[in-house]
Amino acid sequence: MQRDEIFEMVKGHIYEVLPDLEGRPISRDDRLTDLGANSVDRAEVAMLAMESLSLQMARVELAGVQNIGDLVDSLHAKSHA
């Protein structure tokens, strides 16, 4: 899956976990925290994305993720490893 496809999939999961954001544009520079996601929401978005890509990742591998673009890049790298 390409980065753009992963980004669209992650956005879908964000809207699923945070339905109040539906219709709001989301960019790669957005931070889940700034969008109103608490720690449980952020973990759920990451878990749903990993499940969608059939990835097994330790959460520590996402420790340096600062924004949605970083999450997409990490998922993309792991899916092509």
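**Charged pairs**

Author: E8 and K11 stand three residues apart in helix α1, so about one helical turn separates them. Their side chains form a salt bridge, with 3.4 Å from N to O. This is a predicted model. E8 is partly exposed, at 46% relative accessible area. K11 counts as buried, at 16%.

Next comes R28. The side chain of R28 meets that of D4 in a salt bridge, 2.6 Å from N to O. D4 belongs to helix α1 (residues 3-17), while R28 sits in the loop between α1 and α2 (39-52), so the bridge ties together parts 24 residues apart in sequence. D4 is exposed, with 53% relative accessibility. R28 is partly exposed, at 28%. R28 also lies over the face of F7, 4.7 Å from the ring centre. As for ring against ring, the search of the whole structure finds zero aromatic pairs.

A further salt bridge joins D30 and R24, at 3.5 Å from N to O. D30 counts as buried, with 17% relative accessibility. R24 is partly exposed, with a relative accessible area of 35%.

Now the setting. The chain has three helices and zero strands. Of its 81 residues, 41% count as buried. Among contacts between residues at least 6 apart in sequence, 56% join residues at least 24 apart.

Technical notes
Residues are numbered from 1 along each chain as its sequence is written. This is a predicted model: local features need pLDDT of at least 70, side-chain atom pairs count only at pLDDT 80 or more; totals for chains, interfaces and linings use all residues. Side-chain values use heavy atoms; hydrogens and water are left out. Rings of Phe, Tyr and Trp (its six-membered ring) pair if their centres lie within 6.5 Å; planes under 30 degrees apart count as stacked, over 60 as edge-to-face and the rest as tilted. A charge sits over a ring if NZ of Lys or CZ of Arg is within 6 Å of the ring centre and within 35 degrees of the ring normal. Helices (H or I, at least four residues) and strands (E, at least two) are DSSP runs, numbered from the N terminus. Buried means under 20% relative accessible area, exposed over 50%, partly exposed in between (1.4 Å probe, protein chains only). Contact means heavy atoms within 4.5 Å. A salt bridge is a side-chain nitrogen of Lys or Arg within 4 Å of a carboxyl oxygen of Asp or Glu.
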